[in-house]
Amino acid sequence: MVFSSLIFLYGFFSLSLLGYRLCRTQLGAYYAYEAMCEATGQQAAPLDSFTLWNQGKFTGSLYGKVRWPKKLRADTLDCYVPQGDITFYAHFTDGSKGTEWPLIAEKAGDVNQNSRYSAFLAADCALAHVVNESIPDAPNCLVIKDSFGNCYVPFLTQNYHHVYAIDYRKYWRYGMAEFVDKYDIDDVIVAPYLIATQAMDGNDMFRSQMH
């Protein structure tokens, strides 16, 4: 197993109300992408190079977990659509054939539901494979994530030819070492929701991929 970089994004996906809202609306994920590019010597695509797509208001998971949800202010689902000849294949279950799917989908979930994150990367598919044919000579990367990292992946299409993203809760076919060798991976990016990995079952599933 040989790759250039192993990048951990724990700090950008830790639990805070502000961080939760930003990452779910993709802006916080852009900041994580910028920092990753700086740390690895890459050039981040400017935020204004993405097409802004406002999909209206949403409330998110906290809305259904607090005692007085109506006291929470709704957020806005701002999506940043990347440039390029980009195709996204969603493998919805482990080992399934890839289905071509919108990288960012329209009107995902009702305003009062917590499923608006499913606008990105077909929600929680086991394996996401995104190809940008506009940069065929660019490197390849693997992202190990859960749903909290979904909105981060579209930014990576501006720096990588092939972006593979596996959901450690659903993907078991190959461990990280075997995946890196099989798909000629240059960089491995670890982008989990920190609190989820601290739960016993989440930690076990996450660690099972890190071999």
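**Rings, a helix and a strand**

Mentor: Start with Phe-155: this residue is buried, with a relative accessible area of 0%. Keep in mind that the model is predicted.

Trainee: Which residue forms an aromatic pair with Phe-155, and what kind of pair is it?

Mentor: Tyr-30 does, and the pair is edge-to-face, with 5.3 Å centre to centre and 65 degrees between the planes. Tyr-30 lies in helix α2 and Phe-155 in helix α3 (residues 153-156), so the pair ties together parts that are 125 residues apart in sequence. Tyr-30 also counts as buried, at 4% relative accessibility.

Trainee: Which residues do ring pairs link into a cluster with Tyr-30?

Mentor: The cluster consists of Tyr-30, Tyr-31, Tyr-33, Phe-50, Tyr-80 and Phe-155.

Trainee: How many aromatic pairs are there?

Mentor: The count is twelve. One of them is the edge-to-face pair of Tyr-30 and Phe-155.

Trainee: And Phe-179, buried or exposed?

Mentor: Phe-179 is buried, at 0% relative accessible area. Tyr-171 counts as buried too, with 3% relative accessibility.

Trainee: Back to α2. How many residues does helix α2 have, and how far does it reach?

Mentor: Helix α2 covers residues 27-40, which is 14 residues, and spans 20 Å from the first C-alpha to the last. That is close to the 20 Å expected at 1.5 Å a residue. After the helix comes Gly-41, with a positive phi near 75 degrees.

Trainee: Which residues in α2 are buried?

Mentor: Gly-28, Ala-29, Tyr-30, Ala-32, Tyr-33, Met-36 and Cys-37. As a general point, an α-helix has 3.6 residues a turn, so residues three or four places apart point the same way.

Trainee: New topic, Asn-140. Which strand is it in?

Mentor: Asn-140 is in strand β7 (residues 140-145). This residue is buried, at 10% relative accessible area. A polar atom of the Asn-140 side chain lies 3.3 Å from the backbone nitrogen of His-162.

Trainee: What else is Asn-140 in contact with, leaving aside neighbours within four places in sequence?

Mentor: Besides His-162, the contacts of Asn-140 are Tyr-160, His-161, Tyr-183, Asp-184, Ile-185, Asp-186 and Asp-187.

Trainee: Tyr-183 again. What sits over the ring of Tyr-183?

Mentor: The charged end of Lys-182, 5.8 Å from the ring centre.

Trainee: Now the whole chain. How many helices and strands are there?

Mentor: Six helices and nine strands. Of the 211 residues, 48% count as buried.

Trainee: And what share of the contacts with a separation of 6 or more comes from residues 24 or more positions apart?

Mentor: Those residues account for 68% of such contacts in the protein chain.

Terms used: Residues are numbered from 1 along each chain as its sequence is written. This is a predicted model: local features need pLDDT of at least 70, side-chain atom pairs count only at pLDDT 80 or more; totals for chains, interfaces and linings use all residues. Side-chain values use heavy atoms; hydrogens and water are left out. Helices (H or I, at least four residues) and strands (E, at least two) are DSSP runs, numbered from the N terminus. The expected span of a helix is 1.5 Å times one less than its number of residues. Buried means under 20% relative accessible area, exposed over 50%, partly exposed in between (1.4 Å probe, protein chains only). Rings of Phe, Tyr and Trp (its six-membered ring) pair if their centres lie within 6.5 Å; planes under 30 degrees apart count as stacked, over 60 as edge-to-face and the rest as tilted. A charge sits over a ring if NZ of Lys or CZ of Arg is within 6 Å of the ring centre and within 35 degrees of the ring normal. A polar contact is a pair of N or O atoms within 3.5 Å; within protein, one must be able to donate a hydrogen and the other to accept it, and residues adjacent in sequence count only if both atoms are side-chain atoms. Contact means heavy atoms within 4.5 Å.
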